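Reader: Please show me the model. I would like to go through its charge pairs and its helix packing.

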Amino acid sequence: MPHADPVSWQPISAIPLIASMIDSALDDTREHIATLAQARTCPHVLDDATIDRVEQVHAEQLELVNIYAQQLRRWRTERPTPDQARDLDRMEEQNRQLRAVTADVLALARELRPGTIARSWK
């Protein structure tokens, strides 16, 4: 899990890298929630291992969201240029959205778990 390793804080020049990571995670998580939402009507197509993995990956992602938030706060203290400040504003909003959709995925996984194939055959 991410919290086991010490965080390597990045210089402000890494804004494009971290922005890309946040943006990609947000896009991927939106796709995951769409896929899981399709299973609402037929949760038996999922197994417990799949739900376990979804929960593990997204719990770890929430830890990364917290790290991203800390990184962005650190950069704010470095007197960013106006362009960097705009990038930070956008990244903070994307990270807030990432937190919300990640929580939605976790809630949906909890909702689907009782209907997985292993549980529906019991």
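**Salt bridges and packing**

Author: Nine salt bridges turn up in a search of the whole structure. A salt bridge here is a side-chain nitrogen of Lys or Arg within 4 Å of a carboxyl oxygen of Asp or Glu. The model is predicted, so local features need pLDDT of at least 70 and side-chain atom pairs pLDDT 80 or more, while totals for chains, interfaces and linings use all residues. Residues are numbered from 1 along each chain as its sequence is written, and side-chain values use heavy atoms, without hydrogens and water.

Reader: Which helices hold aspartate 23 and arginine 90?

Author: The side chains of aspartate 23 and arginine 90 form a salt bridge, 3.0 Å from N to O. The two are 67 residues apart and link distant parts of the chain. Helices are DSSP runs (H or I, at least four residues), numbered from the N terminus. Aspartate 23 sits in helix H1 (residues 15-38), and arginine 90 in helix H3.

Reader: What separates aspartate 83 and arginine 86 along helix H3?

Author: Their side chains meet in a salt bridge of 2.0 Å, N to O. Aspartate 83 and arginine 86 are three residues apart in helix H3, and therefore the separation is about one helical turn.

Reader: Is glutamate 93 buried or exposed, or partly exposed?

Author: Glutamate 93 pairs with arginine 96 in a salt bridge (3.2 Å, N to O). Buried means under 20% relative accessible area, exposed over 50%, and partly exposed in between (1.4 Å probe, protein chains only). The relative accessible area of glutamate 93 is 34%, so this residue is partly exposed.

Reader: Which side chain does arginine 113 join in a polar contact of 2.7 Å?

Author: Arginine 113 lies in the loop between H3 and helix H4 (117-120). At 15% relative accessible area, arginine 113 is buried. A polar contact is a pair of N or O atoms within 3.5 Å; within protein, one must be able to donate a hydrogen and the other to accept it, and residues adjacent in sequence count only if both atoms are side-chain atoms. The partner of arginine 113 is aspartate 52.

Reader: Why do H2 and H3 count as roughly antiparallel?

Author: Axes are lines fitted to C-alpha atoms, for helices over the stretch in contact, and angles run from 0 to 180 degrees between N-to-C directions. Angles over 145 degrees count as roughly antiparallel, under 35 as roughly parallel, 65 to 115 as roughly perpendicular and the rest as oblique. The axes of H2 (residues 48-76) and H3 (residues 82-112) are 9 Å apart. H2 and H3 are therefore roughly antiparallel, at an angle of about 160 degrees.
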